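Please open the structure in your viewer and keep the selection panel at hand.

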Amino acid sequence: MEIRYFSWLRERVGAGSEQIETSATTARDLLRELTAKSEAHAAAFADLSAIRVAIDQEMGDLDTDISAAKEVAFFPPVTGG
């Protein structure tokens, strides 16, 4: 599965994307796995209220099923202006 990071998440993780093998069935499960992966990942996902998710380029939430997903993207809330 390809994991993509945007904005300050990319800066904190230290990469724009990565390929991983996962048994996670929801985005929340995936975040638990990623948080355990490194201190950088843990810092990036410390505040889940500031995280948005897209599964195969469709907006979802942390409880969205990702078991058949090819791509999961994490990004902060977007504001207009």
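Predicted model: local features only at pLDDT ≥ 70, side-chain atom pairs only at ≥ 80, totals over all residues.

Select Met 1, which touches Glu 18, Gln 19, Ile 20, Thr 22, Leu 30, Ile 66, Ala 69, Lys 70 and Val 72, leaving aside residues up to four places away in sequence; contact here means heavy atoms within 4.5 Å.

Residues are numbered from 1 along each chain as its sequence is written, and side-chain values use heavy atoms, with hydrogens and water left out.

Next, show the strands: 5 of them form an open sheet in the order 2-1-5-3-4, with mixed pairing. Strands (E, at least two residues) and helices (H or I, at least four) are DSSP runs numbered from the N terminus, and two strands pair if DSSP finds at least two bridges between them. At the edges are strand 2 (17–19) and strand 4 (58–60), each pairing on one side only.

Now select strand 3 and strand 5, which pair in the antiparallel sense over 4 bridges; Ala 54 has Ala 73 in strand 5 as its bridge partner.

Finally, select Val 72, whose contacts include Met 1, Ile 3, Leu 30, Val 53 and Ile 66, again not counting residues up to four places away in sequence.
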